[in-house]
Amino acid sequence: MTTVLPDLLQRFDIPGPRYTSYPTADRFVEAFTAADYGQALAQRRAGPSVLALPLSLYVHIPFCESLCYYCACNKIITKHHNRATSYLRYLGREIDLHTDQLGRGQTVTQLHLGGGTPTFLSDDELKELMDMLRRSFTLVPGGEYSIEIDPRTVDATRLRNLADLGFNRLSFGVQDFDPDVQKAVHRVQPFEQVSELMAQSREVGFDSINVDLIYGLPRQTPESFARTLAQVVQLKPDRIALYAYAHLPERFKPQRRIVTADLPGAAAKVAMLSQSLAAFMAAGYVYIGMDHFALPNDALAVAKRQGRLHRNFQGYSTQPDCDLIGLGVSAIGRIGATYSQNAKTMEEYCDHLDQGRLPVVRGLALNRDDLARRAVIMALMCQGQVLFESIELAWLLDFRSYFAAELEQLRGLADAGLVLLDESGIQVTAQGWFFVRAVAMVFDRYLQADRNRARFSRII
């Protein structure tokens, strides 16, 4: 088991992107329009192997009944569940506009419902949504079909209904089990409630169950978080996502309700991360990379061992690198060499669809440099290595000269024991896996030219 050195944790306590894409979403521009997105869809349909190239779908459900103060997601706080009826109608229009461009029956191997709170929708509404998707796309057997769960919104009956609808993976938003922390972030959900739901989920037979945790929340201490870690290990979810809380109240209004004096200091956050790594690995979890852990027999851990790991806007994935259609307000997609994002407000999203237009309002068409750097960054993030020859053959460049400045910068990370450099390529070390974002950041041309990094979450 690799022991993470505390001095490295302190040294790399810096802001940086999570690289669910490259370039990152903050680089999207309004000059990329719905017309550009439509052209990308048309090019996909005209491609010679279009039916052989699978799709991934993301559907954003923005509604929540109550506000979690730490949240930086695009959401609408409401107890009026009738708002979902209108939203489903607009989602149907957006789906139809996609099938107008792509035709019906495109193969889908991955579906994720995120939010907000997807389980804000009733069982009947979720069935309506899944029926719409199945009428337009072909969801293949054996795909990954996941939904984010607020434990306060489901029971055993709902879990069985989710399985009947075709979902085979669940992600429980836990964050922390400490009652004082839960009160400080306005999300109270007892350990016993989550424990019972997880037991019921296993009885139903879901393929994989994930738990989300956040460290750095108000009133958290290393001692209190150690208790949460012990409880999570007791639950033994198949996957764990452990995120550092990024306090950016100037950007995210709900965070202004958090008392800054209640936030743990840098040393306490380092201690919480260090004890999390130790606790999960001692419990037999595999460190996938970034914020993710999985049990050895989980598909994500298997994919890492076999070198089949991929990364998209939902994080690490076992699915092959494929196009992603984002549906719903603020949803992000990727088609070919483009990224796109829908309107972030419900009013603008609906207005576009009322006029018969795809609701894309910003995005990016990647140039050759973007594509080459994306290949390098994703190889580092997913396989932990870059072979110079593979990049040279794919992008017709001389790696050592094209990335001369980056290789020079990597020497400092090599001295710190994070990477190995030789004539054939770059290898991330076992220690370096815990800081792979810092390695990837070296190849981010936009970030290297940008001094304003405070908008990103910190690496630890």
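Helix H2 (residues 34-46) has 13 residues, which at 1.5 Å a residue should span 18 Å, and its end C-alpha atoms are 18 Å apart, in agreement with that value. The expected span is 1.5 Å times one less than the number of residues. The model is predicted, so local features need pLDDT of at least 70 and side-chain atom pairs count only at pLDDT 80 or more, while totals for chains, interfaces and linings use all residues. Residues are numbered from 1 along each chain as its sequence is written, and side-chain values use heavy atoms, with hydrogens and water left out. Helices (H or I, at least four residues) and strands (E, at least two) are DSSP runs, numbered from the N terminus.

**Helix H2**

**Helix H13**

- In helix H13 (residues 388-395), the buried residues are Phe388, Ile391 and Glu392.
- They line one face of H13, because they fall within an arc of 100° when seen down its axis.
- On the other side of H13, the exposed residues are Glu389, Leu393 and Ala394.
- The buried residues of H13 pack against H12, strand E17 (385-387), helix H14 (399-402), helix H15 (404-415) and strand E19 (425-428).

- Ser136 is in helix H4 (residues 123-136) and is buried, with a relative accessible area of 2%.
- Not counting residues up to four places away in sequence, Ser136 touches Ile95, Thr99, Gly103, Arg104, Gly105 and Gln106; contact means heavy atoms within 4.5 Å.
- Ala241 is in strand E8 (residues 239-244) and counts as buried at 1% relative accessibility.
- Leaving aside neighbours within four places in sequence, Ala241 is in contact with Asn210, Val211, Asp212, Leu213, Asp291 and His292.
- The C-alpha atoms of Ala241 and Asp354 are separated by 38 Å, and the two residues are 113 residues apart along the chain.
- Phe434 lies in the loop between E19 and helix H16 (436-441) and counts as buried at 11% relative accessibility.
- Phe434 and Met290 are 144 residues apart in sequence, but 6.5 Å apart in space, C-alpha to C-alpha.

**The second largest pocket**

- The second largest pocket has a volume of about 390 Å³.
- A pocket is an open set of points on a 1 Å grid over the protein atoms alone, with protein on both sides within 12 Å along at least five of seven lines, and lining residues have an atom within 4 Å of a point.
- Grid points are joined across faces, edges and corners, and a volume is the space filled by probe spheres set on the points.
- Of the 26 residues that line the second largest pocket, His310, Arg311, Asp321, Arg334 and Met378 are the closest to its centre.
- Strand E11 (310-312) and helix H12 (368-382) are the elements that give two or more residues to this lining, and H12 gives the most, with six residues.
- The lining divides into 12 nonpolar, 10 polar and four charged residues, where Ala, Val, Leu, Ile, Met, Phe, Trp, Tyr, Cys and Pro count as nonpolar, Asp, Glu, Lys and Arg as charged, and the others, Gly among them, as polar.

Technical notes
On a 1 Å grid over the protein atoms alone, a cavity is a set of points where a 1.4 Å probe fits but cannot get out, and a pocket is an open set with protein on both sides within 12 Å along at least five of seven lines; lining residues have an atom within 4 Å of a point. Buried means under 20% relative accessible area, exposed over 50%, partly exposed in between (1.4 Å probe, protein chains only). The arc is that of the directions from the helix axis to the C-beta atoms.
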